[in-house]
Amino acid sequence: MTPAPESSSTSLASVARRGDRSLWKIFRWPLLVALLTAAGLLSALLGDGLWDDLSWCLLACPILLSLLGWRRRQAR
Amino acid sequence: MHARSLRGWAWVHKWSSLVSTLFMLVLAITGAPLIFADEIRELSGRRIEAPSMPEGTPMASLDTVVSAAKARHPGKVPLYLFHEGGHLWFAKLDDRVGTDESTSVFAVIDDRTAQVLGTPDFNQGFMAVLYRLHVDWYAGLPGRFFLGGMGVLMVLAIVSGVVLYAPFMRRLDFGRVRWSKSVSLRWLDWHNLTGILTVLWLTTVGVTGVINSWSFPILGAWQKTQIQALKHMASAEGGTALAASSDVAVQRVLDVAQCAQPGMHPVTVAFPGTVLAAPGYFAVQMEGGTALTSRLKETVLVSARTGDVVVGPPKPLSIITLQLSEPLHFGDYGGLGLKVAWALLDILAVVVLWSGLVLWWRKHVPARSASHVTPRRVGA
């Protein structure tokens, strides 16, 4: 199977032309992760005890989500 | 967004990353063990511990503590006393006040018996090498500024990277890595995924790192402001400004500082003329009991001539920023769990840096590139 040249390129020139996803769809997950990270960074700074634990639990979100990349599923 | 402005962002991303990546890799790799510096010191048996004594054993006079430190390091003058908890005073001494403190010596002293328990050399050993590689590359202040500048470039790379994330994700689900396509695409998808996940953490650590690299000029500017205010006050009282001699007992300095800030406890006594104090004035840093007030330390200035507390100008925003930048860079403010999270995020940052480097490498070294190279490739 030969992939279409455009879809298999790391070139910006080829990806910039196409696209059907809105910015909201692209950035809604990253935005959520950023908000959770910010809450995690602040909670240990502003509180002790449970707030310290909440802090690393929240910071675990981006770490765990990076595991998504290991899924090997078929390309559409 | 227009293809032309995207190409502009791609140019910014490529060059800001390319210039800073190798330095950032060194910072990320040396930073990981530094997160656990305390734990490593404890495990390697280098941590000095005070012997256990009955609760409520009175503390030794600070003057005795200072004498013990001076006796252990003859010819040196005290710069600071740090109270690190666990009944220990860390005395830092040097040939004179006002050095860059790179060859200062230490004495660890029991705060109840004033016994010297050890003289750790924080400038020696593997961790010290890592620290210098992380902070200044053995080049002092210029080294700090240089690494700070690299940090600014990294923040620029992050901002431009977020802009470039959108066009690359127009047809891709969040979190997806295309394993079945080319190797280059796999690196690209990993780069985008780990980059967007760590964006806030890495920006925080980057910006606070840049601020920390400016700690000496920030403290210096604050000291200048204080000295000016103190001179002004002294001349208004008709007294001689900034007396050089220090006849006041150090214990008295501690006592009056404690009275000035009840509810807080002293963590640092800075001697007159050091970067944390002012000429002619001791500075006692007081720590509060809560998470935030233990970071936002209050400083009490005590005249070395009269032993009285002087109320200096209020703490400026720059100092508050610096005080908050330390924990947010070191990740040492929420116990071991937070440190582990910090280290794992640091590893993700290494993946971002490394994958970015690989992407650039594959593009510019044709022999190792994937088979289907398109003639024009923009962006790394």
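Which residue meets the side chain of B:R295 in a salt bridge, and what is the N to O distance?

Reply: The partner is B:D332, and the N to O distance is 3.4 Å. A salt bridge here is a side-chain nitrogen of Lys or Arg within 4 Å of a carboxyl oxygen of Asp or Glu. B:R295 sits in the loop between β6 (281-287) and β7 (298-303) of chain B, and B:D332 in the loop between α10 and α11 of that chain, so the pair ties together parts that are 37 residues apart in sequence. Helices (H or I, at least four residues) and strands (E, at least two) are DSSP runs, numbered from the N terminus. B:D332 is partly exposed because its relative accessibility is 33%; the classes are buried under 20% relative accessible area, exposed over 50% and partly exposed in between, with a 1.4 Å probe and protein chains only.

The model is predicted, so local features need pLDDT of at least 70 and side-chain atom pairs pLDDT 80 or more, while totals for chains, interfaces and linings use all residues. Residues are numbered from 1 along each chain as its sequence is written, chains are lettered from A and ligands numbered from 1 in the order written, and side-chain values use heavy atoms, without hydrogens and water.

Over all chains the structure holds 13 salt bridges. One of them joins B:D95 and B:K76, with the closest N and O atoms 2.9 Å apart. This pair also links distant parts of the chain: B:D95 is in the loop between β2 (88-94) and β3 (105-110) of chain B, and B:K76, 19 residues away, is in the loop between α3 (62-72) and β1 (77-83). B:K76 counts as partly exposed because its relative accessibility is 22%.

Another salt bridge brings together the side chains of B:D111 and B:R112, at 3.7 Å from N to O. Both residues are buried: B:D111 because its relative accessibility is 1%, and B:R112 because its relative accessible area is 9%. B:D110 joins B:D111 and B:R112 in a network of salt bridges.

Chain B, which holds these pairs, has 11 helices and eight strands. Its C-alpha trace spans about 80 × 50 × 35 Å along the principal axes. Of its 380 residues, 48% count as buried. Among the contacts in chain B (heavy atoms within 4.5 Å) with a separation of 6 or more, 59% are between residues 24 or more positions apart. Leaving aside residues up to four places away in sequence, B:S215 touches B:R144 and B:L322. It is buried because its relative accessibility is 12%.

Chain A follows the pattern α-α-α along the sequence, with three helices and zero strands. Of its 76 residues, 38% count as buried. A:L42 lies in helix α2 (residues 23-46), and its C-alpha is 7.5 Å from that of A:S55, 13 residues away in sequence. A:L42 counts as partly exposed because its relative accessibility is 44%.

The two chains meet through 54 residues of chain B and 46 residues of chain A. The area buried between them is about 4,600 Å², of which carbon and sulfur atoms give 67%; buried area is the accessible area (1.4 Å probe) that two parts lose on being put together, summed over both. On the chain B side, B:R170, B:F174 and B:W179 supply 15% of the area buried against chain A, more than any other three residues.

One salt bridge crosses this interface, between the side chains of B:D173 and A:R21, at 2.9 Å from N to O. The elements of chain B that give two or more residues to the side touching chain A are α1 (3-35), α5 (140-168), α6 (183-197), α7 (199-213), α10 (317-330) and α11 (335-364). That side has 34 nonpolar, 11 polar and nine charged residues, where Ala, Val, Leu, Ile, Met, Phe, Trp, Tyr, Cys and Pro count as nonpolar, Asp, Glu, Lys and Arg as charged, and the others, Gly among them, as polar.
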